[in-house]
Structures are given as C-alpha cells and as structure tokens.
Amino acid sequence: MLRINQNVVLALLTVASSLFLLFQLYYYKLYLSPKNGSAFSKFKGSFLAHESPRWRAVRKFIGLVSSHNVPVFLIDPLVLGLIGRDLEQIKSSPGSIHPECKYLCSPREFTTFALLDKLWKHEVSLFQTAEKMGFQWLEIRGKDPRLEGMDDLSGTEIPLHYIFKLTAHTIHVVVFYERSGNYLWHGPLRLKQHMDRKFVHFRKLQYGRYPGAFDKPELFLVSLDGLKVKIPQNLSRFQEEIATAQVLECRYREARAFFQLYPDDVSQDGVAFRKKAKSLLHLAVVTLNSLGVLFWLSSGTCLGWFRQCNIIPYSKDVDLGIFIGDYRPEIIPAFQKAGLPLKHKFGKVEDSLELSFQGADVKLDIFFFYEEDDHVWNGGTQAKSGKKFKYLFPKFTLCWTEFLELKVRVPCETLGYIEANYGKNWDVPVKEWDWKSSPPNVRPNGMWPVDEWDEVIQLY
C-alpha cells in the first residue's frame with residue numbers, strides 16, 4: 001500500500017486555507033467595505049424586493065394577467081404619487097433597474113390597477129389560473145348606466161371591480177368602460193347582500209366609493225422595482241382627475257315618470273330647438289375646454305338634465321355657470337372665433353358679470369358665480385333701468401355627468417341647487433317665467449351708477 005507523504009498533505013492544507021482566507025478578504029472588500037457601499041446596497045435592495053410580500057403579490061398578478069393577455073395599467077394613488085417624484089428619471093431610463101424597492105414595497109394593503117373592458121374577453125381561464133397561483137378572487141357587478149335610458153335593457157349588470165387576494169396583499173382591479181361622451185367611466189363598488197364583507201377592508205379601497213369619469217389616458221411602459229408596468233403618461237393630469245372624478249347619472253326612471261305626467265314636446269319646433277341647443281352646447285363645451293375653464297350646467301339647462309334628461313324645449317337658451325375665479329379675458333374672443341357673436345355683456349369682473357352669445361336662434365348665457373362665507377351667488381342686470389339682482393345658492397361642489405353625449409359638470413348637490421332656483425315645485429313645468437321675480441332665490445341688489453352704464457350694460 002502506498003504511504004501518504006505528510007509534508008504533501010500539510011502543503012495542500014496550507015494552500016486551501018490561504019485560498020479560503022483570500023476569498024473572505026475579497027468578499028469583505030466587495031460587499032461589506034464602506035468604500036463599496038453601492039455594491040452592498042445593490043445586493044441588499046434586490047434581497048428586499050424579492051422578500052417583500054407586496055412586491056411578490058404584484059409580481060404574481062402581473063404574471064397572471066400577462067399570461068392571459070389582459071392589458072392592465074397602474075392607477076394606485078399612493079404608488080403614482082411616489083412615481084411622480086422620480087418621473088423624469090423613470091422616463092429617461094425606462095429599462096433601468098433600481099437597487100432598492102422604492103415603489104411597490106411601500107406600506108399599503110392594496111395595489112390598484114385598471115382594465116379597459118373592451119380589450120378583454122372575460123375569459124374564465126384567468127380566474128382558474130389565479131386560483132392555482134394562490135389567489136382568492138371576488139367579482140363585483142352593477143348596473144350598466146349606458147343602458148338605463150332603454151326600457152327593455154335597464155338594469156343590465158356588468159363587471160365593475162375585481163379583487164384578487166393573497167395572504168399578505170390584495171390587488172384591486174377597476175374596470176373602465178368607454179362612454180359616448182368620449183371618456184372612461186368606472187362604477188361604484190357596492191356589495192351584494194350575500195357577499196362576504198370581511199373578504200378585504202373594502203372601506204380602505206381608493207376607488208369605488210362613487211362612480212368616476214376620466215379622460216382616456218395615453219399609457220407609458222416603465223420598469224418599477226424590476227417589474228414592467230404601464231402607467232398614465234400624463235401622470236399629474238391623471239392624479240388631478242382622481243380627486244374630481246365623481247359622476248352623477250341622469251335620473252332616467254324619474255324622467256320617464258315625468259313624461260307620463262307631462263308628455264314630451266315632439267313637435268317640429270320642439271325637435272328643431274333641441275337639435276340647435278345640443279349643437280350650441282357642444283360648441284360651448286369645446287370652446288371652454290380649449291381654454292381650460294371649469295364650468296357647469298346651470299339654470300334651465302341644469303333643470304332639464306335633472307328633471308327630464310334633456311333640454312327643456314321651451315327654455316329658449318343654454319345656461320352655464322362659471323366661478324369668477326375661473327374667468328379668462330380670452331373667453332369672449334374665443335366664442336367669437338367659434339362663430340358666436342357677443343349679444344350682451346352685463347356687470348364687470350368684480351361684480352355681477354354675465355355674458356350672452358348668440359347662436360343659431362338659440363342664446364348661450366354664461367353666469368359668473370361669486371363666493372361668500374355661507375353661500376354663492378350670481379348677478380342679473382336689467383338693461384333699461386340699471387337695476388341689479390342677486391340670485392343666492394347654497395354652496396356646492398361639482399360632479400361629472402353625461403348629457404347629450406357630452407361629459408359635463410353639474411352641481412353634486414343638485415336638488416338643493418335646483419330648489420334654490422326653482423322652488424319645491426321644480427318638477428312642475430312653468431312656461432311663463434320672469435327672471436326678475438319668479439326665482440325664489442332672487443334678491444334686489446341696488447342700481448348701477450349711471451356713470452358706469454357704458455361699462456356694465458353693453459348690448460350688441
């Protein structure tokens with residue numbers, strides 16, 4: 001038998017020990033030395049990202065929808081806010097991977113995505129795969145407002161929200177639908193009686209307290225914490241819309257009841273007037289939107305929307321409201337350029353401003369509203385006498401609605417607004433109306449000084 005040379009064994013052990021020591025020194029220098037903090041941060045950040053239960057849940061969900069070609073985009077307010085701080089950096093290097101988990105690991109119970117309904121076929125296989133991946137899921141359905149004006153289809157339900165829950169984190173998917181006003185709509189989240197109200201903390205969801213309306217966003221693919229995600233390209237615009245998205249639907253059921261009592265005017269004159277008024281409103285919406293001026297349906301136009309979901313055929317004009325703080329000197333020339341000459345200008349920016357433009361046999365009236373401590377008001381002027389009037393309204397906020405295939409604003413507190421202007425019997429048509437005395441909220445407001453008439457009473 002061969003005898004092992006002890007010197008050779010000792011030499012081999014010495015070499016092995018030296019190599020191990022050199023490896024330890026190299027590891028320390030590369031990963032633990034303060035001079036190489038970035039390398040350690042890269043290692044640590046990657047570890048944190050893969051260990052975060054929120055990140056893992058989002059990664060699983062993105063993998064799920066990608067495998068079924070379901071195009072979702074991120075609309076989570078908290079995450080979008082974090083992205084907004086680094087947006088230019090993210091856009092300039094969309095493929096870069098940051099060493100730390102900055103966005104999808106932020107503390108929250110939910111991550112919210114949006115899905116455009118027309119781009120998805122509602123395949124059952126998506127939910128079957130989700131269950132195999134460990135997700136529990138819930139579908140919330142509700143009425144389709146696009147069909148509420150049709151007697152035979154009213155009440156039809158559509159998917160509005162999906163909840164995908166893992167043990168550690170939940171994904172909320174908001175379903176968006178295209179509306180005829182060329183915008184996106186999502187419905188409210190209302191649980192049916194049989195649903196498990198403890199499935200997740202529904203009250204903490206960022207979307208679903210009320211229906212919402214958004215402009216169609218262009219999408220942008222970015223890399224967030226190593227995951228490819230689409231976000232709205234105009235991020236600040238989308239974030240602004242989140243705060244003001246609430247929608248009120250036209251009250252079709254009440255409108256049908258109204259027409260049972262007071263048959264609609266389907267005469268040639270009535271139909272012709274509505275057609276002209278609709279065209280004028282479309283032109284006004286385009287013009288004011290181009291200026292970025294916030295406005296809402298007011299007076300008789302608001303009453304028509306609220307009471308009968310249409311223009312009142314004997315109203316003779318289209319009425320809009322604008323807060324005086326949103327007044328722009330460009331308003332008059334913009335309407336004139338659009339083919340609507342100025343008919344009259346009453347008041348001034350500081351007091352009781354009112355503009356009227358002449359359309360094709362239909363007048364457009366714009367009333368400017370002034371805010372006091374406990375109410376708002378708009379003014380009126382009698383041209384022949386210089387008398388001033390003030391119309392008082394309770395304070396209100398603004399919501400979106402769809403009216404005549406347009407996305408426009410109305411007072412959210414519509415009933416109070418209508419009752420202030422038309423009284424408790426607003427649901428009874430009144431064809432004889434004196435703007436100086438009929439409204440219950442009108443008040444005398446003095447006289448314009450004669451030496452100001454040239455400025456505050458302008459007729460064209």
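This is a predicted model: local features need pLDDT of at least 70, side-chain atom pairs count only at pLDDT 80 or more; totals for chains, interfaces and linings use all residues.

Guide: Residues are numbered from 1 along each chain as its sequence is written, and side-chain values use heavy atoms, with hydrogens and water left out.

Visitor: How many of the ten residues of helix α10 are buried?
Guide: Buried means under 20% relative accessible area, exposed over 50% and partly exposed in between, with a 1.4 Å probe and protein chains only. Helices (H or I, at least four residues) and strands (E, at least two) are DSSP runs, numbered from the N terminus. The buried residues of α10 include Trp 305, Phe 306 and Arg 307. Helix α10, residues 299–308, is largely enclosed by the rest of the structure, because the number of its residues that are buried is ten of the ten.

Visitor: Which residue just after α10 takes a positive phi?
Guide: The phi in question is about 55°. The residue that takes it, just after α10, is Cys 309.

Visitor: How are the rings of Trp 296 and Phe 323 arranged: stacked, edge-to-face or tilted?
Guide: Rings of Phe, Tyr and Trp (its six-membered ring) pair if their centres lie within 6.5 Å; planes under 30 degrees apart count as stacked, over 60 as edge-to-face and the rest as tilted. By this rule there are 31 aromatic pairs. The centres of Trp 296 and Phe 323 are 4.6 Å apart and the planes lie at 50°, so this pair is tilted.

Visitor: How many residues apart in sequence are the parts that this pair ties together?
Guide: Trp 296 counts as buried at 0% relative accessibility. Trp 296 belongs to strand β10 (residues 296–297) and Phe 323 to strand β11 (residues 317–323), so the parts tied together are separated in sequence by 27 residues.

Visitor: Over which ring does the charged end of Lys 388 sit?
Guide: A charge sits over a ring if NZ of Lys or CZ of Arg is within 6 Å of the ring centre and within 35 degrees of the ring normal. The charged end of Lys 388 is 4.2 Å from the centre of the ring of Trp 448.

Visitor: Which element gives the largest share of the lining of the largest cavity?
Guide: On a 1 Å grid over the protein atoms alone, a cavity is a set of points where a 1.4 Å probe fits but cannot get out, and lining residues have an atom within 4 Å of a point. The search finds one cavity of 30 Å³ or more, and the largest cavity has a volume of about 70 Å³. Its lining includes Phe 61, Leu 64 and Trp 120. The largest share, three residues, comes from α3.

Visitor: How many bridges join β15 to β16?
Guide: Two strands pair if DSSP finds at least two bridges between them. Strand β15 (residues 376–381) is mostly covered, with six of its six residues buried. Gly 379 stands opposite Lys 390 in β16. Strands β15 and β16 run antiparallel, and the number of bridges joining them is six.

Visitor: Which residue stands opposite Asn 378 in β15?
Guide: Strand β14 (residues 363–371) runs antiparallel to β15 and is joined to it by three bridges. The two strands form a hairpin with four residues between them. The residue opposite Asn 378 is Phe 369.

Technical notes:
On a 1 Å grid over the protein atoms alone, a cavity is a set of points where a 1.4 Å probe fits but cannot get out, and a pocket is an open set with protein on both sides within 12 Å along at least five of seven lines; lining residues have an atom within 4 Å of a point. Grid points are joined across faces, edges and corners, and a volume is the space filled by probe spheres set on the points.
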